[in-house]
Amino acid sequence: MSEDNKDVLRFAAEYAEKNVDLYDLLGVDALTSKDDIRRAWRKRSLKYHPDKAGDNFDPEKWELFERARDILADDNARATYDAAMKAKLLRKQEREAMDKERVAAALENDSLRSVLDKMLETCY
C-alpha cells in the first residue's frame, strides 16, 4: 500500500471519528459514483479554490474538500469511512436506547415510590 493510500485511509477514519459528513460537504449521497463525486467536488469546491477565493482563501476548507474527494473516490477509504460512520451511529443509537430505558426505569421507580408513600400515609 502506498503512502498516499495510507494517508487517505487515515483521514477517512479521522473524519468519521470527528463526525465530518463528507457526503453532505460535497452534496452527494452514499450511492453516488466516483465520477459524480468528482463532478460534485468540482462544483462545490470552486468557491474555495485558491485562484477563485483570492483574499478569502481558507486553506483548511480547501484541504477538507480535497480530502473528501480523495476519500469518497477511493474504494478502500470510502469503505473505511462508511464503516466508521456506521459504527458511530450504532453506538449513538445504543446510548439513546439505554438512556430511554434508564428514564423509563426511573419513572417506574418514582411511580412505585409514590404508591408506597400513599400506602404508608394511610397506614400511619
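User: Is Phe-57 buried, partly exposed or exposed?

Analyst: Start with the idea: buried means under 20% relative accessible area, exposed over 50%, and partly exposed in between (1.4 Å probe, protein chains only). Phe-57 has a relative accessible area of 28%, so it counts as partly exposed. Keep in mind that this is a predicted model, where local features need pLDDT of at least 70, side-chain atom pairs count only at pLDDT 80 or more, and totals for chains, interfaces and linings use all residues. Residues are numbered from 1 along each chain as its sequence is written, and side-chain values use heavy atoms, with hydrogens and water left out.

User: Where does Phe-57 sit, and which residues is it in contact with?

Analyst: Helices (H or I, at least four residues) are DSSP runs, numbered from the N terminus. Phe-57 lies in the loop between helix H4 (50-53) and H5. Contact means heavy atoms within 4.5 Å. Setting aside neighbours within four places in sequence, Phe-57 is in contact with Tyr-48, His-49, Pro-50 and Trp-62.

User: What about Ser-45: buried or exposed?

Analyst: Ser-45 belongs to helix H3. Its relative accessible area is 3%, so Ser-45 is buried. Apart from neighbours within four places in sequence, Ser-45 is in contact with Trp-62 and Phe-65.

User: How do I read a nonpolar core, and which residues touch the most other members here?

Analyst: Think of a set of buried Ala, Val, Leu, Ile, Met, Phe, Trp, Tyr and Cys residues joined through side-chain atoms within 4.5 Å. The largest one here has 23 residues, and Tyr-15, Leu-22, Leu-26, Ile-71, Leu-72 and Tyr-81 touch the most other members. Helix H1 (3-17), H2, helix H3 (34-45), helix H5 (59-73) and H6 each supply at least two residues of this core. Not counting residues up to four places away in sequence, Leu-72 touches Tyr-23, Ile-37 and Arg-78, among others.

User: How much can I trust the model, and what is the mean pLDDT of the chain?

Analyst: pLDDT is the predictor's confidence in each residue, from 0 to 100. The chain has a mean pLDDT of 87, with 95% of its residues at 70 or more.

User: One more: Lys-61, which helix is it in, and what does it touch?

Analyst: Lys-61 is in helix H5. With a relative accessible area of 27%, Lys-61 is partly exposed. Lys-61 touches Leu-25 and Tyr-48, again not counting residues up to four places away in sequence.
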